[in-house]
Amino acid sequence: MIELKVDVDPAEVGFDAERLRRIDKHFDGYLEQKRLPGYLAVVTRNGKVAHLASNGRRDIEAGLPVETDTIWRVYSMTKPVTSVAAMMLVEAGLIDLKDPISRWLPEFSEPRVFAGGSSVKPATVPAAGPIRLWHLLTHTAGLTYGFHRTHPVDALYRDAGFDLGTAPGLDLAGVSEAIARLPLLFEPGSEWNYSVATDILGRLIEVVSGQSLDAFFAERIFTPLGMHETGFQAADGDLDRLAALYVPHPATKEPFRHDELGNVGRVAPSCFSGGGGLVSTAGDFHRFAQMLVRGGELDGVRLLGPRTVRLMATNHLPGGGDLETCGRTGFSEAPYDGFGFGLGFSVLDDPVKAKTLASAGEFAWGGAASTAFWVDPDEDITVLFFTQLLPSSTYPIRVELRNLVYQAYLASNGA
């Protein structure tokens, strides 16, 4: 178990301690107003934890508090892990970003694009080009999620059992085959749409590596980094540390326990979802974030080269656009003006356009239960936030947290 604690005076790494305490005050206000069950926030600079804030309950009904070793469903914060795994295979020369994915997943040999009609009677045409590896990493493959509910193809996904997650009962191979039978929203590479692309990426990793996704993660990422409490299921002896999952009550907006979805992380999944299946602790994910901010290496363990991490943290959207101009669907609690998308992360290109205090070059992602993390390589800052409230669009937590962190940062680069 990784012991997570403050290990540096905030002033030594450029933070004002009193201003950092605004984070606690702000999110304690969420608890007082009964908007969150509990929370945990971690702020680091130069590899040192400068601030650790937590309060509330990991399980309201059982009266169990949030603790530093609480286990959280990180949902889509799984995507950066899967993306790192894919880039490890790229570095090994086993795959290339420009390769058609049909080389390993023949079910995608003849993709078709939605051309009109409805979900009941869709018209499709052959895609002009193949889906390539970089399309999966950047969510420009033309795939979607059923929960978007903005396009007839979204409805086709729901009809096939893909709504909030993967279709029940299918393993990852079955998921890939089922998705391949559905039409694309657009020509691969032409637009951005948040999607099941990272689940398909997970299946590609399995085929290329010859390992199941959980085994690859454990052997190649989690064990080397010391992330022993991260996986697709909490260990039987640790289930009491797994936070309960909540949604806003439709009448009171107070956290309302969602036991059905709360089984995620408690029972073995049929599908190892590279797009959203992991559970983790703050200590473990801190290790992952530190590996990224250090350019792919931590404590003598190197997963990726620094050039690879820089490429992943560079905007790859068509024409250098942002998620607002290139994106098909809104999916988060705030506009994404000024944010592009790299190989598995959002990338802040223009802080002025984004109206944020954060640094250009920040790369980040979050999870459906309102978790979030970001890496600021310019200032050597990482930030983690954990809670368990679906959906992430309920409150503007990530926007607020960015401002709260950077208003407390008084140093300049290199201080």
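**Salt bridges, then helices**

Reply: Start with Glu 379, which counts as buried, at 11% relative accessibility. The cut-off for buried is under 20% relative accessible area. Keep in mind that this is a predicted model.

What does Glu 379 meet in a salt bridge? Its partner is Arg 45, and the side chains come to 3.9 Å, N to O. Arg 45 is buried too, with a relative accessible area of 2%. Now place the two on the chain. Arg 45 belongs to strand 1 (residues 38–45), while Glu 379 sits in the loop between strand 15 (372–376) and strand 16 (381–386).

Take Asp 322 and Lys 353. Their closest N and O atoms are 2.8 Å apart. This pair also links distant parts of the chain, 31 residues apart. Asp 322 is in the loop between helix 9 (306–312) and helix 10 (323–326). Lys 353 is in helix 11 (residues 351–354). Lys 353 is partly exposed, at 39% relative accessibility.

Next come Arg 402 and Glu 362. Their side chains form a salt bridge at 2.6 Å, N to O. Arg 402 lies in helix 12 (residues 397–406), and Glu 362 lies in the loop between helix 11 and strand 14 (363–366). They are 40 residues apart, and the pair links distant parts of the chain. Arg 402 has a relative accessible area of 10% and is buried. Glu 362 is buried as well, at 0% relative accessibility.

Some salt bridges share partners. Asp 59, Glu 61, Arg 257 and Asp 259 are joined in this way into one network.

Now the helices. Helix 2 (residues 78–91) has 14 residues. From first C-alpha to last, helix 2 reaches 20 Å, close to the expected 20 Å. Helix 2 is mostly covered, with 13 of its 14 residues buried. Just after helix 2, Gly 93 takes a positive phi of about 80°.

What does helix 2 pass? Helix 2 passes helix 6 in a left-handed crossing. Helix 6 covers residues 197–209. The two axes come within 10 Å and cross at roughly 35°. On the helix 2 side, the contact uses Lys 79, Thr 82, Ser 83, Ala 85, Ala 86 and Leu 89. Helix 6 brings Thr 198, Leu 201, Gly 202, Ile 205 and Val 208. By class, that contact holds six nonpolar, four polar and one charged residues.

Finish with helix 8 (residues 282–293). Its twelve residues should span 16 Å, and its end C-alpha atoms are 16 Å apart, which agrees. Where does helix 8 stand on burial? Twelve of its twelve residues are buried, so helix 8 is largely enclosed by the rest of the structure. Among the buried residues are Phe 285, Phe 288, Met 291 and Leu 292. Asp 284, His 286 and Arg 287 are also among them. Just after helix 8, Gly 295 takes a positive phi of about 80°.

Conventions
Residues numbered from 1 in each chain as written. Predicted model: local features only at pLDDT ≥ 70, side-chain atom pairs only at ≥ 80, totals over all residues. Heavy atoms only, no water. Helix = DSSP H or I, 4+ residues; strand = E, 2+ residues; numbered from the N terminus. Expected span 1.5 Å × (residues − 1). Buried < 20%, exposed > 50% of the residue type's maximum accessible area, 1.4 Å probe, protein only. Axes fitted to C-alpha atoms, helices over the stretch in contact; angles between N-to-C directions. Left-handed = near helix turned anticlockwise from the far one by under 90°. Contact = heavy atoms within 4.5 Å. Nonpolar A, V, L, I, M, F, W, Y, C, P; charged D, E, K, R; others polar. Salt bridge = Lys/Arg side-chain N within 4 Å of Asp/Glu carboxyl O.
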